[in-house]
Amino acid sequence: MKTRMKEYRARHNLTQAQLAEKVGVRRETIVFLEKGKYNPSLRLAHDISVVLGVKIDDVFIFEDESDKKEDEKD
Amino acid sequence: MEKPEKKTDSYKATMGLMWIGSAILLVSSVYMIIWKMFNDIIAIGVLLGAMIIIISFFSYIGMERPKDERLMKVGTMSATWSWYITLMFLCFLLFSGFYTPRQFQPAELFGLVIFVMVSSMLVLNTYFNRKGDVEETFHL
């Protein structure tokens, strides 16, 4: 999963800690989300998109499994 | 639309309590393994350690709101794997008994179970926490 959280967060002048507090998670969770290492629940993805004022699929870009396998082959 | 306004809990205090509870349990279990006995002090140690670890663990995985969903996933997965590892360990002890007969004292066995369960949970919890997510770790 890719994410544009960092970009949207910067547009809103929010720090990771501020965003974490607004959505009720720890800052480390935001760090892992921005690195694409953590798949959020629909609820958390929704909360983040509400705070950032964009749609969920603008922030989180989910890769298709078949695309992922083809990328791995290349 | 309702904006999410939540606050994070005192994670460090909860983690600290979990480590303290685990340390008490590990010390008690090592005592039981080495000296193969169970006395009043060890009983208090086991009960106190178990109480602290249970309260702090449920607080850690989000029984108390607000909760962090990642910590809940990490904690739940590490507890599950710790339970499986302990079960496998007990099966190993049982089967190894057929080939190398060895009498375990009840206190020693109790100490071993506590040691394996607590240490595996701590190790897995730290591993998953540093990795970020529990997904794509084990494909069963």
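Student: Among the elements of chain A, which has the lowest mean pLDDT and which the highest?

Tutor: Where pLDDT is low, the predicted coordinates should not be read in detail. This is a predicted model, and among the elements of chain A the lowest mean pLDDT, 60, belongs to helix 6 (residues 65–73) of chain A, while helix 4 of chain A has the highest, 94.

Student: What is the mean pLDDT of each chain as a whole?

Tutor: For chain A the mean pLDDT is 86, with 85% of its residues at 70 or more. For chain B the mean is 84, and 86% of its residues reach 70 or more. For the complex, the predictor gives an ipTM of 0.79 and a pTM of 0.78.

Student: How many helices and strands are there in chain A, and in which order do its elements run?

Tutor: Chain A has 6 helices and 2 strands. Read from the N terminus, its elements run β-α-α-α-α-α-β-α. Of its 74 residues, 27% count as buried. Among the contacts in chain A with a separation of 6 or more, 58% are between residues 24 or more positions apart.

Student: Which residues of helix 2 of chain A are buried, and where do they lie around the axis?

Tutor: In helix 2 (residues 16–23) of chain A, the buried residues are L19(A), A20(A) and V23(A). These residues lie on the same side of helix 2 of chain A because they cover an arc of only 100° around the axis.

Student: What covers the buried residues of helix 2 of chain A, and which residue follows this helix?

Tutor: The cover includes helix 1 (5–11), helix 3 (27–35) and helix 4 (42–52) of chain A. G24(A) follows helix 2 of chain A, and its phi is positive, near 75°.

Student: Turning to chain B, how many helices and strands are there?

Tutor: Chain B contains 4 helices and 0 strands, and its elements run α-α-α-α from the N terminus on. Of the 140 residues in chain B, 24% are buried. Residues 24 or more positions apart account for 78% of the chain B contacts with a separation of 6 or more.

Student: How do helix 1 and helix 4 of chain B cross, and is the crossing left-handed or right-handed?

Tutor: Two packed helices are described by the angle between their axes and the distance between the axes. The axes of helix 1 and helix 4 of chain B come within 8 Å and cross at roughly 145°. This crossing of helix 1 and helix 4 of chain B is left-handed. Helix 1 of chain B makes the contact through residues including S22(B), L25(B), L26(B) and I33(B), and helix 4 of chain B through residues including F110(B), L112(B), F115(B) and L122(B).

Definitions and conventions:
Residues numbered from 1 in each chain as written. Chains lettered and ligands numbered in written order. Predicted model: local features only at pLDDT ≥ 70, side-chain atom pairs only at ≥ 80, totals over all residues. Buried ≥ 20, exposed ≤ 12 C-beta atoms within 10 Å, placed from the backbone. Arc of directions from axis to C-beta. Contact = placed C-beta atoms within 7 Å. pLDDT = per-residue confidence, 0-100. Axes fitted to C-alpha atoms, helices over the stretch in contact; angles between N-to-C directions. Left-handed = near helix turned anticlockwise from the far one by under 90°.
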